[in-house]
Structure formats: structure tokens, C-alpha cells
Amino acid sequence: MKKFAFLVHLRDNYRKDLGELAAPLGYIPDPVYRYLLKNRPLKPFVWSNVTLTPGAKEPEGFVIMLPYSGAQLIEQQKLMLPLVMSAMKLAKAKGAEIMGLGALSSPITLGGKLLINNPHLSVTNGNAFTAVITYERITGLIKDYPNNRPVIALVGATGSVGSLVSMLLAKHNPGYEYLLIARNQNRLNGLANKMRDFNSENRISISQNIGCVKKADIVVLLTTAAECLLQAHQLKVNAVVLDDTQPRNTHPGILFERPDVTVIDGGLVSVPHLKCTRGGIGLPAGLSYACLAETMLLAKAGYEGHFSIGNPTLEQAEFIRSVAERFDGLGFKVAQDHSFGKPLCAKPVSVSKRVFRNYND
């Protein structure tokens, strides 16, 4: 097994996240952090040591922290890119040979495209396995939905994860009504045409307006925005929302405004023996984000070179699913449903083999 690293940034606010590292840091107001850090680059550091194999005597990987919020990563990309390179250098010094890009560290590097010539280590953006896990959960939601033909809205459909999820749905779940929502009209048209090419029974509509989710029974959030986008009034009665965003695009208040709506945390993978020191990864014990899981799987498999860069392919989805099957003794299954970090049900669901037959047919 190779050692791995996983790059993250602050999730919610400085007080909450840095307070997990050292309690006194949790007493400093966020405006003070923002003022002090605005034009003063802070070096990345090791946030947690990670093990996933029972009985491991030393770290098998490391979580590397960029001590900035998601909004700052997006607003100050020129400042952040050199810091990402510093994080890669740190990861290599710790013995890592592959690094995964967590949350908004992926879009600011164009899904890893800006890092492929780095001299330090291999890169993956984690989006292939994220798409696999997301697709699997959508398939389950479709199967369990009372309406035999639910309308599925994919918000952020043309992004790195969204495009692969859309293609998996088009290929293996034809005949449903899919609403693709994104900002770029040309990309939406191109993706819709590809989905129709898989099967003429696919009913595809497109929109640049998130308000159109009002038509959908199942809403899947796949954007890379740094702010909450989805509002309670935009949702259909009894809608199910699968929020696969980090930072997330839903707010807990939506459950109080709309008790008829179900919000499910997307992209979660069961890895029962996963252990992180200090700050962890912001999830309950035994759970991993799918992008981190992809990084761990590639490290366990001794994968050589870069993996998921830019938009992952159907072939990469098949490969990483097969690796997950190979190491299923360590978990790597779709996790039980959580909503804003709290469990909704009790049993993990295995990644289905059925839906990945014959990618070339």
C-alpha cells in the first residue's frame, strides 16, 4: 500500500473548525480571522493522521489543511494555487505518493489539471468514486420513490461529478425524466444530447434557473458553489434532496421550514475502521467522503500515476468500483443515510454490480 494525502480546507467557519484543533482558537471571532488572513498566506499543515486498516501501527495517510474558508479559495485562487503546491510538497515529505483533492481544492485547480506537472506526487480529484456512490444512491431513491416515474433534477449537471452521474443515469436508468440545471447553456445542450444518444427513451430537459427544481421529485445537488443555494420555497411537496456538495448547498433550517422534505447527505461511504487523529474530517466515526475513499482505494491498490483529472470517465467509474469491490473487507460501501450529520436509517448498501455491466455495449 502507498501512503496517501487528502487536501481539505475549513468547512464552516474559523472558530468552529480551528477550535477542534485547539480549544483557545475557538474563542477568536470570525471577523478577526478574516481580517488577519486576508493578505497573509498561511502554510498548509497536517490536520490529521489517518489509518483505515485494522491494527495499523503507523499513519497510512494524512489530511492536509489549507487554513482558509471555501469562499476564500474561490475568491483568492491566485493566492491559493501556490499553497496547494506547498501542500503537495508537505505530503511528499510525509511519505505520501498520491494526494486527493477535497471539496473546493478540486475546482480551483480545474479538477487537478493545474497540478499534473507537479514534481511531487500523483493526484486524483476523487470525482469518479463520488459519481459512483452518488449514482448508486439516486438509483435507490428512484426505486423506493412512491411515484413510479419520479422527475430527477441534477443541479450542477455539467460539472465533473455531475456529468458522470448524468451519463451513468442515462446509460443504466433510461426512460426517466431528467432535468439538468447548470450555468452554461452550450454545455447543458451537449450533455443532454449525449444522454439521449445512450437511449432515445431518456426524457431530458435543461435549465439555467435553479428555481426549476420545483418540478422535481428528487433533487441532486452537485455544484461547486461556496454558498447555500437551495431554498425551501423552491422545492416540490415531499421532495427528496440528495446534497452532494462540500461546502454544502443546503441549510438545516430547510427541515424546519419544510418538514415534508427529506435532505440526505450525499457522497458518504462506510469505512468502519477509518481513524483520524485530532480534527478528523468532520464526519461521524466510520464514515468517509467518497473523494477521500477514492484516494484511499488508489493507495491501497498501489495505483501508478494520476487518476481522476478534470471530468472522470465511465471507464474510470468502472475501474474504481472494481477496486472498491476488491477491498470491500474494509468497507467502501454506500453509507447509511444521514441528514446534516445525523443517521436516518441503519444499514449500509453495497455498491451494486448490476449497474456496471458492459460499459462498451
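The model is predicted, so local features need pLDDT of at least 70 and side-chain atom pairs count only at pLDDT 80 or more, while totals for chains, interfaces and linings use all residues. Residues are numbered from 1 along each chain as its sequence is written, and side-chain values use heavy atoms, with hydrogens and water left out.

Start inside. A nonpolar core here is a set of buried Ala, Val, Leu, Ile, Met, Phe, Trp, Tyr and Cys residues joined through side-chain atoms within 4.5 Å. Buried means under 20% relative accessible area, exposed over 50%, and partly exposed in between (1.4 Å probe, protein chains only). The largest such core holds 71 residues. F129, I138, I152, L154, L180, I320 and F332 have the most contacts inside it. Helix α5 (residues 127-144) supplies the largest share of this core, nine residues. Helices (H or I, at least four residues) and strands (E, at least two) are DSSP runs, numbered from the N terminus. A second core stands separate, with 23 residues, among them L73, M80, M99 and I309.

Contact means heavy atoms within 4.5 Å. Leaving out residues up to four places away in sequence, L154 touches I138, S166, L169, L179, L180, I181, V220 and L222.

Now the charged pairs. A salt bridge is a side-chain nitrogen of Lys or Arg within 4 Å of a carboxyl oxygen of Asp or Glu. The count comes to nine. One of them joins E304 to K2, at 3.3 Å from N to O. E304 sits in the loop between α9 (290-301) and α10 (314-326), and K2 in the segment before β1 (3-10), so this pair ties together parts that are 302 residues apart in sequence.

K3 has its own partner. Its side chain meets that of E58 in a salt bridge of 3.5 Å, N to O. E58 lies in the loop between β2 (45-51) and β3 (61-69) and K3 in strand β1, so parts that are 55 residues apart in sequence are tied together. K3 is partly exposed, at 23% relative accessibility.

A local pair follows. E325 and R321 form a salt bridge, with the closest N and O atoms 3.2 Å apart. Both lie in helix α10, four residues apart, so about one helical turn separates them. E325 is partly exposed at 34%; R321 is buried at 9%.

Finally, D243, R248 and D265 are linked in a network of salt bridges.
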